[in-house]
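Let's take a guided walk through a protein model, one spot at a time. Keep the 3D view open as you read.

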Amino acid sequence: MLSNLEKVQTTQLLKSLLQNTSEICAAVVTTLDGHLCAKEQRDEYALERLATMGSTLMSLGDTITAELKMGACRNIISENEGGIVAFMHINQDLVLVTLTQQLNALGMLLAHSRRCAAEIAKLLHNT
Amino acid sequence: MKEIKLVFTGSMGAGKTTAISALSEIPVINTDVRATDEAALRKERTTVAMDYGEMTLSDGQKLRLYGTPGQERFSYMWKILMEGALGLIILVDNAGEHPLQDLDLYLTHFRQYIDSTSAVIGVTRMDMAEQPGLDEYYDYLAQKELQLPIFSVDVRDRDNVVMMLEALVAMLEFAY
């Protein structure tokens, strides 16, 4: 799906995301059919499984919004006792999954993740 | 029985989505996305969450039909989708590289459900690959100490799939 160079550049963007926002614990780029392309994390999470589950959830989101004729699904948010997970499209084939353990950091998580997704989309569009 | 939930599972490309589409009386809900790996060589799109359709048998029995993703990396969905299911249809692509190994994967993962509910096996694309034959499938099940009906099925043919489902529903009615 991504060339080795694109994987390195995408990982670099995820690294910058985590460096610039201390609240974000992990970020994953996955294909919509569930293959992990790039990852970065502070703790030890099962990111391979998160990547596959991210593709499932995003696809369900797309199916639900299509069913309701609500246009494209922008993101899916999972708010949990131990933190927040956000899933969003980078483009039609890739999904960005980010997570934070801070329960009050939803706005920050979405804002920074959206910017990162846009940067990755731009990078892949230009390569 | 008012309504019966049935789950289609089995190897990628065996025809789960096609079977549900052939049967369903409502527009099928599916979560197909573009395949990006070696699977793309065999089929352009693949299911990553579930398929859903509904049908009514000639005796008025309503069936809710769910399809699972085929690849093992989505096995967490298999467990979720089996919740409340009364019957399981395992589809095996006979033109795949290792159909019996494929069958083994699903028998192993779903063994608990097979032992507690009812299941049938549908072998697809036998017109493209005659071997293994149905006898070999029966022998394989015998090795696993399982006795399940096995059908050679063309999932594009609604009547063909309905026949398999009616056999499964008859087993359920006998069991409950």
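Helices (H or I, at least four residues) and strands (E, at least two) here are DSSP runs, numbered from the N terminus.

A bit of housekeeping. This is a predicted model, where local features need pLDDT of at least 70 and side-chain atom pairs count only at pLDDT 80 or more, while totals for chains, interfaces and linings use all residues. Residues are numbered from 1 along each chain as its sequence is written, chains are lettered from A and ligands numbered from 1 in the order in which they are written, and side-chain values use heavy atoms, with hydrogens and water left out.

Most residues other than glycine have a negative phi, and most peptide bonds are trans. For the accessibility column, buried means under 20% relative accessible area, exposed over 50%, and partly exposed in between (1.4 Å probe, protein chains only).

| Residue | Phi | Relative accessible area |
|---|---|---|
| K69(A) | near 55 degrees | 74%, exposed |
| E145(B) | about 55 degrees | 71%, exposed |

K69(A) sits in the loop between helix 2 (47-67) and strand 3 (75-80) of chain A. Then there's a cis peptide bond, which joins Q131(B) and P132(B) with omega at about 0 degrees. You'll find P132(B) in the loop between strand 6 (118-124) and helix 4 (134-143) of chain B.

**Where the chains meet**

The size of an interface is often given as the accessible area lost when the parts come together. Chain B and chain A bury about 1,300 Å² between them (the accessible area, with a 1.4 Å probe, that two parts lose on being put together, summed over both). Of that, 59% is on carbon and sulfur atoms. T36(B), R73(B) and Y76(B) supply 40% of the area that chain B buries against chain A, more than any other three residues. Counting contacts (heavy atoms within 4.5 Å), 16 residues come from chain B and 16 residues from chain A.

Zoom in on T36(B), in the loop between strand 2 and strand 3 of chain B. Leaving out residues up to four places away in sequence, T36(B) touches M1(A), T31(A), D33(A) and H35(A). Its C-alpha atom is 32 Å from that of M55(B), 19 residues apart along the chain.

Is D37(B) buried or exposed? D37(B) counts as buried because its relative accessibility is 16%. This residue lies in the loop between strand 2 (29-34) and strand 3 (45-56) of chain B. Its side chain makes a polar contact with the side chain of H35(A), at 2.5 Å. (A polar contact is a pair of N or O atoms within 3.5 Å; within protein, one must be able to donate a hydrogen and the other to accept it, and residues adjacent in sequence count only if both atoms are side-chain atoms.)

**Around helix 5 of chain B**

The axes of helix 1 (residues 16-23) and helix 5 (residues 158-175) of chain B come within 9 Å and cross at roughly 95 degrees. A19(B), A22(B) and L23(B) in helix 1 meet R158(B), V161(B), V162(B) and L165(B) in helix 5.

E166(B) also lies in helix 5 of chain B, and is partly exposed at 34%. E166(B) touches L57(B) and S58(B), not counting residues up to four places away in sequence.

Technical notes:
Axes are lines fitted to C-alpha atoms, for helices over the stretch in contact, and angles run from 0 to 180 degrees between N-to-C directions.
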